[in-house]
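This briefing concerns a pocket, a strand pair and a surface patch. Please consult the sequence and model shown below.

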Amino acid sequence: MREMYRTLDDGCVGIFESPTGTGKSLSIICSAMKWLRDTSSRLETERLKILPSSHEEKPIDSPKKPIPDWLVAAHKKKVQDDAQAKLVEMQKKKAKLTDRLSTLRAIVEEEKPRPVKKHKAESDSEEEWNEYLVDEYFSDDDEKPKSDIEKLKAKLYDSDEDEEFPEEEMRKIYYCSRTHTQLTQFVNEIKRTAFAHDARVVALASRQVMCTNPIVSSLKSAQRINDKCLDMQKNKEKGESECTYYNDLLLKQFSDFQLMKVQDIEELTGIGKKTHSCPYYGSRKSFPKAEIVALPYNSLLHGPTRESLGIKLKGNILIVDEAHNLIDAINNMYTVELSLFQLEMCLGQITRYRDKYNDRLKANNLRYVQQVIFIITSLIACLTKSKSTKSEIMSINSFLHVTKIDNLNFFKIEKYFKKSEIVRKLNGFVEKMTQDQVEISDEFQVEKHRPVLGILESLLLGLTNNDDDGRM
């Protein structure tokens, strides 16, 4: 623990090894949280001392017009006052968050069901009759009185104002593990520490794990769950059928429920079902205010996912559990596999798309679509020219030469994929054709929830790497 604290203090990289069952996770949590708490106050004090050095000895443009000392001093004072005001404002936001979470803890504690004592005169047979007793009634003119707890809840969320915490203001501990089970074990270890009563912990997971909407979560494929979730959000913008769990106020309340105490993924899912809110997006709303973020390998190592979550590692603590699995995780994450059947399906889809919009596509669009068709045709030819089932491994440059696509600029093609959103639009086109019951061939099959063109895009992105960075 001392070594880890020293490593964090020096801003170094440390590799720690300990046998299973020796309290490794507990030691990591305690040392990292201790360092985080110790440095937070010191960091705030240091910020007040930082002043722009450019104004201390500003060169004089002309001997006739020197900058007066009083003006330099006034500017320095203004900069210092602004820095102090910013720090005070941030401290107020943190204090407000702490007070709200403390109040919420008290509310939850108050609302816990208490055991009901039986009166001696009340027999079990009499209790059975209580089932038919009507509830307390209030007429249309009467308003049901709110309990003290309900009033307190309403007061907590009577404002739409939401605290914004800049990333540099809230240092974090990112704990990265391979599976959701290991993340759950880590979160449960935090509950055993002295920091459990006020540590702000956020556990991130996929929609497949955290979705509470039965319409979406009942779908078996992770990709189908993602697509359905995104479709329902688009429907909300159009005023159509939407996800009732995705609501700004509900997400804000869920965010506080999550930060109120240390809770694992299963507990967060339970809260989402109970409060009719979305744990997936609620966790992302809690993210800026968290001290500890537990997340799987993919969320950290996959660039687009990391950017979408707003994860910034600079100045923060990164703990990777079972780091010997990193190489396999990275290989699996960036490995792309395409079959001959998928390529033929993709060729049928994009050819039909080009024929449909041939007269309406601009010259540049048509040129890039033709290039994509050429790439698919070349890959199909590569797989069909040899009837041998023998496996072969080759470098990227050799593969480009064999498939005769080495004269194409894959960086420009990848940029076209991103800017034009051709994958999404082709997918929508295929779905529309199917809905309209257009007669389609076997090559033009729908694979909406795993778009083949998207897999091809991942392959083309891999072909932009250095020759030594991968094998085909």
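Helix 2 gives the most to the lining of the second largest pocket, with seven residues. This is a predicted model, in which local features need pLDDT of at least 70 and side-chain atom pairs count only at pLDDT 80 or more, while totals for chains, interfaces and linings use all residues. Residues are numbered from 1 along each chain as its sequence is written, and side-chain values use heavy atoms, with hydrogens and water left out.

**Pocket**
- The second largest pocket has a volume of about 1,400 Å³.
- Its lining comprises 44 residues, of which Phe16, Ile28, Ile319, Val320 and Asp321 lie nearest the centre.
- Two or more lining residues come from each of helix 1 (2-10), helix 2, strand 1, helix 6 (180-190) and strand 4.
- A pocket is an open set of points on a 1 Å grid over the protein atoms alone, where a 1.4 Å probe fits, with protein on both sides within 12 Å along at least five of seven lines; lining residues have an atom within 4 Å of a point.

**Strands**
- Strand 1 (residues 173-177) pairs with strand 4 in the parallel sense over four bridges; pairing requires at least two DSSP bridges.
- Tyr174 is located opposite Leu318 of strand 4.
- Ile317 and Ile319 form the covered face of strand 4 (residues 317-320), and Leu318 and Val320 the uncovered one.
- Helices (H or I, at least four residues) and strands (E, at least two) are DSSP runs, numbered from the N terminus.

**Surface**
- A nonpolar surface patch consists of Ile67, Trp70 and Leu71, with about 320 Å² of accessible area together.
- Patch members have over 30% relative accessible area and no salt bridge, with nonpolar side chains joined within 5 Å and like charges within 9 Å; a salt bridge is a side-chain nitrogen of Lys or Arg within 4 Å of a carboxyl oxygen of Asp or Glu.
- Accessible areas come from the Shrake-Rupley method with a 1.4 Å probe.
- Ile67 lies in the loop between helix 2 (24-49) and helix 3 (69-111).
- Ile67 counts as partly exposed because its relative accessibility is 31%; the class lies between buried (under 20%) and exposed (over 50%).

How values were computed: Buried < 20%, exposed > 50% of the residue type's maximum accessible area, 1.4 Å probe, protein only. Points joined across faces, edges and corners; volume = space filled by probe spheres on them.
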